[in-house]
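User: I'm new to reading protein structures, and I'd like a close look at one thing: how side chains meet each other. Could you walk me through it slowly?

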Amino acid sequence: MHVLSVIHYPVFGGPHNRSLRLAPVLAKKGVRTTVLLPDEPGNAAERLRDAGVDVVQLPLRRVRATRGIRTHLQFFGSFPRQIRDIRRLIERLGIDLVQLNGLANPHGAIAGGGMGIPVVWQILDTYTPIALRKALKPLVRRYADVVMCTGVRVAQEHPGMPRKSERLVNFYPPVDTALFRPDPGLKASVREKLGLSDASLVVGTVGNINLQKGHHNFIRAAALLKGQVPGVKFLLLGAMHSNHREYIDGLWRLAAGLGLELERDLIALDPTGRVHELVQAMDIFWMTPRRNSEGIPTAMEEAMALGLPVVSFDVGSIAELVQHGHTGYVVNSQGPEEIATCTLEHLLEPAQRTELGRRGRQFIEENASLEACAERHVRAYEMALGTRIVPDLSPTEPVS
């Protein structure tokens, strides 16, 4: 079978990473994947093609978080043409199923569903405003044969999206556990290259640097921890794009005002192609996103696969991934001071970090491996198609 996976964002992120990781695994199960991306500047198309993933680009527009009337008029004005373009693509490629990666842009569902092509609609986070969720709900119920969500809580935040509850499939994003595995030798080497060899503790995060990811919260927590832990260093790994320039410049001003010196206390790098290596330098992984943002962050799963304990705000389905006190800690508020306090109280001892990290690695191996995620996708595809693709799947349920 041939799946058209529609992603409306030109910059590499979670949905692109999932396509990159899963495409070769699904291919072994008889599922070919072609990714449809917008024809805009960005690194996603190149990275996917370099990994051997089929990519097609069209002039797709997407919903924007702006009050600019002109932007919204352009979106709606071009909508019919984009539907026609996607339908032509479906016919040309002989697509059997359309997969949407995200709630907000229904183009692929309308194009495929209107042609009688099964649709799997993925809801990946809690970022979409409530009003837009309500507006899109009738479309999801009409066109989605199966809805996939990153965790139970994300599904609960979008009640009634599938027509029938049994048409809901929850999943953990995939992690290549062979690539993301603890390596003490690599850890020492990366620390030396980054000038972190003398650090008493390295705390870091991974994510494109923007307001949604809440890096300002990370910096405030870092300043608090620095005042209590001599020699601690902080590592921000994330692409920095020009459309977030104002926010990024504000982060560096905030850091300086709180006594964090760039390149000495706080190191910020674009980790493109090197995430699995650079994260090895960390001892603790923090995630401090805005309240309505995440589902289950792949970067957090990858950190857990590397044996890192996690401290995070309770956002989206993160509490389903991080078992509080067992593999890391989940902070209920949006307070940076609680991130710092939790770290001080529970994670300064190496033995404690090692044990939490070991449990986290085990959880990822059992629930978020490439094979486990691929099986969840095949299950969803088979439900949508009403036919078998591969022989019997494992009965394991990564998310109930």
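Analyst: Let's start with a term: a salt bridge is a side-chain nitrogen of Lys or Arg within 4 Å of a carboxyl oxygen of Asp or Glu. Before we use it, note that this is a predicted model, where local features need pLDDT of at least 70, side-chain atom pairs count only at pLDDT 80 or more, and totals for chains, interfaces and linings use all residues. Residues are numbered from 1 along each chain as its sequence is written, and side-chain values use heavy atoms, with hydrogens and water left out.

Now take Arg 32 and Asp 54, a salt bridge whose closest N and O atoms are 3.3 Å apart. This pair ties together distant parts of the chain, 22 residues apart: Arg 32 belongs to strand β2 (residues 32–38) and Asp 54 to strand β3 (residues 54–58). Strands (E, at least two residues) and helices (H or I, at least four) are DSSP runs, numbered from the N terminus. How open are these two? Buried means under 20% relative accessible area, exposed over 50%, and partly exposed is in between (1.4 Å probe, protein chains only). Arg 32 has 44%, so it counts as partly exposed, and Asp 54 is partly exposed too, at 34%.

Arg 153 and Asp 314 meet at 2.8 Å, N to O. Here the two partners are 161 residues apart, with Arg 153 in helix α6 (residues 152–156) and Asp 314 in the loop between β12 (310–313) and α12 (318–321). Arg 153 is partly exposed at 29%, whereas Asp 314 is buried at 16%.

Arg 264 and Glu 261 form a salt bridge as well (3.3 Å, N to O). Salt bridges can also share partners: Arg 81, Asp 85 and Arg 88 are joined that way into one network.

On to the rings. A pair of aromatic rings is described by the distance of the centres and the angle of the planes. Rings of Phe, Tyr and Trp (its six-membered ring) pair if their centres lie within 6.5 Å; planes under 30 degrees apart are stacked, over 60 edge-to-face, and the rest tilted. You'll find six aromatic pairs here. Phe 218 and Trp 286 make an edge-to-face one, 5.2 Å centre to centre with 65° between the planes. They sit 68 residues apart, Phe 218 in helix α8 (residues 215–226) and Trp 286 in strand β11 (residues 284–287). Both Phe 218 and Trp 286 are buried.

Trp 286 turns up again with Phe 234, in a tilted pair: 6.0 Å centre to centre, 40° between the planes. Phe 234 lies in strand β9 (residues 232–237), 52 residues from Trp 286. Phe 234 has 1% relative accessibility, so it counts as buried, and Trp 286 is buried at 0%. Elsewhere, Phe 75, Phe 76 and Phe 79 form one aromatic cluster.

A charge sits over a ring if NZ of Lys or CZ of Arg is within 6 Å of the ring centre and within 35 degrees of the ring normal. Arg 47 does this: its charged end sits over the ring of Phe 12, 3.7 Å from the centre.
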